[in-house]
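Please look at the sequence and the 3D structure shown below.

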Amino acid sequence: SITSNYLFDNNRLFKKVQWIAAYQHTTEARINSNFGSEVIDQQDETLNILNTTVDFSGERGSHLWFVGIDGNLNDLNSVAYTSTYEDAELSIGGLTRYANDLGRIYSAGAYGQYYWIDETKPYRFNAGIRYDYNEVQVRFKPDDFFTWPDYFYDGITNRNHALNGAVGFQYKLPKRFKLRGLLGSSFRAPNIDDIAKTRISNDEISVPNADLNPERSYNFELSLGYETSQQNWNVTAYYTRLENTIIREDFQLLDGSPNYVLGQDTLQVVANVNAEQAYMAGLSLQVKQQLGKGFDLDAGLNILRGNVVSDGEIVRPLSHIPPTYGRLFIDYNKKRFTAKTGVRFNALKPLDRFGDSTDNPEFATAEGSLAWYTLHLSMKYEITPQLQLQLGVDNILDHFYVPFASGIPGMGRHLSFTVRGIL
């Protein structure tokens, strides 16, 4: 990345302009071979990302403002190969994860942000506005694994734009209480993964949906905090209403078939589609408390619920909603020695609270995603200001657990030892 700053001398509107340009190159390979099969399937993705931002900032007295523009280009190349254990040479062919001829996203935006901060007043205010334009282009080759409609070979272009804004405030109440609020809207345009991903998972195959529309959300958040030199408590309640929510549902192929036969397997066809509405509501509690004699308490609890709604009725739970989770830690600080010990935990998420197949219910038990907790301990000793020793043990009891929506168990007991020096 490259960053350049310029300071204005006699400009009453802006005091500084910053330009940032960045490039990122990412590659990813997925290799799969069924048990007892000689065939190895490989999917390779190469992603090149270019982005740039020009940001102007200014201030006068209690007023601070920013305006700017940004742009992004994501260029994706998706290729599939096959090989065997006897012949490791890769041959192009097979099911690619994304469109195999073209996958590209253009996005651009313009924004403005304003802050009113006066240290002599008990309140603060901020507001922002942003315009976004997003364009997705995908195209399939005629020799693709599937037979697609003709316009898939000509190319699919999905264009969306939106204007969003938000306002927030902070008010210092008597006796060290603080009240914060936020009201805003946001916009998420479908990306290549949403529109054009083709994936086989268990007994399902996901296929592209060129008619996918962007999600819109309307957000409300209210927070009450209490802060002194010895303690910091904060309770936050939030609610988000989603329109055109992108969810995974049963779908049909071009010929109207709800199934796809692959070898000896019959797969259910699914795709990302837009639901009418959904909502999320949650509560967060964060506590930091000095206990005396060098001991501190650090704790947090997060509760989130979400449902998909159609015609005013709850259809099913919303996907990607984690179970209730939290932490409880005790810190100890004395001169050059610090230590931290505590627990991280996740509550049970019943199977009937799982959303669509993206929650991977096949990896859950009959009860759902089971509750679990892990104990942790870390210590640090400063021998000199330039030399530190660190020791950590995670999952001390070596509990076996599987995080929600994952088929991969969490890490077992883990010991780490670090010597950190400054030259």
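In which strand is the place of Gly 103? Gly 103 lies in strand β6, residues 102-117, where strands are DSSP runs of E with at least two residues, numbered from the N terminus. This is a predicted model, in which local features need pLDDT of at least 70 and side-chain atom pairs count only at pLDDT 80 or more, while totals for chains, interfaces and linings use all residues. Residues are numbered from 1 along each chain as its sequence is written, and side-chain values use heavy atoms, with hydrogens and water left out.

Gly 103 counts as buried because its relative accessibility is 2%; buried means under 20% relative accessible area, exposed over 50%, and partly exposed in between, with a 1.4 Å probe and protein chains only.

The structure holds 11 aromatic pairs, and two of these are set out in the table. Rings of Phe, Tyr and Trp (its six-membered ring) pair if their centres lie within 6.5 Å; planes under 30 degrees apart count as stacked, over 60 as edge-to-face and the rest as tilted.

| Pair | Centre to centre | Angle of planes | Type |
|---|---|---|---|
| Tyr 123 and Tyr 171 | 6.3 Å | 0° | stacked |
| Phe 354 and Phe 404 | 5.3 Å | 80° | edge-to-face |

Tyr 123 in strand β7 and Tyr 171 in strand β8 are 48 residues apart, so that their pair links distant parts of the chain. Tyr 123 is partly exposed, with a relative accessible area of 37%, and Tyr 171 is partly exposed at 36%, whereas Phe 354 and Phe 404 are both buried.

Notes. Helices (H or I, at least four residues) and strands (E, at least two) are DSSP runs, numbered from the N terminus.
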